[in-house]
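Look over the sequence and the structure before reading on.

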Amino acid sequence: MAATAERKDFAANKQMRAVMGKYFTELGQGAAEGKKTAWCTSVGPAELLRALGFNVYFPENHGAMLGASKMATDVIPLANAQGFSPDICSYLTSDIGSFLKNETPLQKMGLAGVPKADVLVFNTNQCRDVKDWFQWYARHWNVPCIGIHTPRGTSEVDDALVDYVAKETETLVEPLEQVAGTKLDIDRLREVVDLSKQCTLLWKQVLKSATHVPSPITFFDGTIQMGPAVVLRGSQDAVDYYRVLVDELNQRITQGVAAVEGERLRIYWEGMPIWGKLRDLSSQFLQLRTCVVASTYCNSWIFDDLDPADPFRSMARAYSSIFICRSDDFKEAYIERMAREYQIDGILYHDAKTCPNNSNSRYELPLRLREKLGKPFLTINGDLNDLRLYSEEQARTNIEAFAEQLMQV
């Protein structure tokens with residue numbers, strides 16, 4: 001695991017490698033087997049696509065892989081040369097740059113490259129960039145690009161909002177049926193939504209295990225363990241995997257096995273991971289005996305509202321309730337609740353240069369929460385993928401000073 005180089009790995013990881021390997025193998029073989037591929041944003045209507053028989057590919061997951069493999073910084077300039085600003089989402093510029101260069105971590109998994117889309121399906125609940133991103137590929141391949149335009153900045157996800165998003169989701173069915181060459185089976189959709197519901201409840205248990213002191217898992221572990229929740233929700237494989245992981249975490253709690261031996265500080269990570277520096281950061285926190293116990297990011301794949309009895313409305317409510325598309329009042333209350341539940345000593349905000357939608361340190365929120373919680377905070381500047389925007393020396397020094405400050409509080 002990236003987070004825990006100096007401690008025993010999770011036994012469940014062997015199974016995760018198997019299920020993720022199976023997923024990527026099926027993506028690579030899909031076209032040859034006559035199976036259609038749908039691209040989907042990470043919090044898009046994956047259940048609908050799976051119910052129609054598509055292989056479902058998530059380019060944001062590919063963006064994270066490019067960041068973690070440190071390929072991103074080399075390929076981003078190719079997208080910039082095509083007219084994409086250096087200031088926009090570095091998932092987008094990494095992915096398109098990778099495509100233009102025909103270099104991707106997927107090639108190490110036996111794929112020739114990213115799987116060609118037969119249709120691209122977006123949800124703007126995260127940001128507008130995903131629509132622009134998908135439209136570039138739609139023009140390149142001359143395939144349909146359709147999606148859902150979710151309202152943002154919402155304090156309450158009320159019935160009017162749910163009705164609107166559910167209707168937009170239902171509108172996708174006919175064009176998707178045309179691409180898939182089959183009609184939607186509503187009972188199959190209910191089965192897939194039920195599997196997603198099971199997956200999300202198990203993933204929630206995984207993350208909730210970190211409320212225990214000492215925590216059996218860290219945020220850095222979570223960025224790896226979340227893989228099946230992102231790309232395999234709606235499948236039995238994801239459910240089976242998280243059952244194994246939950247059992248292992250419960251055993252660790254019973255046996256007193258800590259993710260960070262001698263845990264003395266507990267931190268909340270607000271914002272995107274710095275994918276290319278996961279190991280370095282996790283090792284530093286390990287040396288400081290500081291456990292990053294929770295994050296907004298990993299919790300973004302908890303969808304409590306999914307309900308197989310009402311698939312379209314429950315998907316609309318679940319995918320409109322995510323943190324990133326909510327109001328600042330909601331975000332403030334959410335982080336306050338998380339800070340108390342996980343018994344944190346301080347909050348670290350990652351201000352990601354190319355991801356303003358997932359950077360919550362720019363509009364006074366840290367100061368308001370410090371007043372409410374009486375907990376110190378630290379803001380580090382960086383980016384999810386573009387390491388040219390991150391000063392490792394500055395971040396390391398600031399994190400060390402922050403830990404010293406927390407020890408004196």
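## A pair of strands

The model described here is predicted. Strand 5 (residues 265-270) and strand 7 (residues 346-352) run parallel and are joined by four bridges. Within this pair, Y268 stands opposite I347 of strand 7.

Four strands form an open sheet in the order 6-5-7-8, and their pairing is parallel. The edges are taken by strand 6 (290-295) and strand 8 (377-382), each with a single partner strand, so one side of each has no neighbour in the sheet. On average, neighbouring strands of this sheet are turned by 30° against each other, with direction ignored.

## Helices on the sheet

Helix 13 (residues 278-287) lies across strand 5, strand 6 and strand 7, and runs at about 125° to strand 6. Helix 17 (residues 392-408) also packs on the sheet, where it touches strand 5, strand 6, strand 7 and strand 8. The direction of helix 17 makes about 130° with that of strand 5.

## Two helices in contact

At what angle do helix 4 and helix 5 pack? The angle between helix 4 (residues 72-81) and helix 5 (residues 90-101) is about 85°, and their axes are 7 Å apart. Helix 4 is therefore roughly perpendicular to helix 5.

Helix 4 makes the contact through A72, V75, I76, L78, A79 and N80. From helix 5, the residues involved are S90, T93, S94, I96, G97, S98, L100 and K101. Sorted by class, this contact has seven nonpolar, six polar and one charged residues.

Terms used: Residues numbered from 1 in each chain as written. Predicted model: local features only at pLDDT ≥ 70, side-chain atom pairs only at ≥ 80, totals over all residues. Heavy atoms only, no water. Axes fitted to C-alpha atoms, helices over the stretch in contact; angles between N-to-C directions. Parallel < 35°, antiparallel > 145°, perpendicular 65-115°, else oblique. Contact = heavy atoms within 4.5 Å. Nonpolar A, V, L, I, M, F, W, Y, C, P; charged D, E, K, R; others polar. Pairing = 2+ DSSP bridges.
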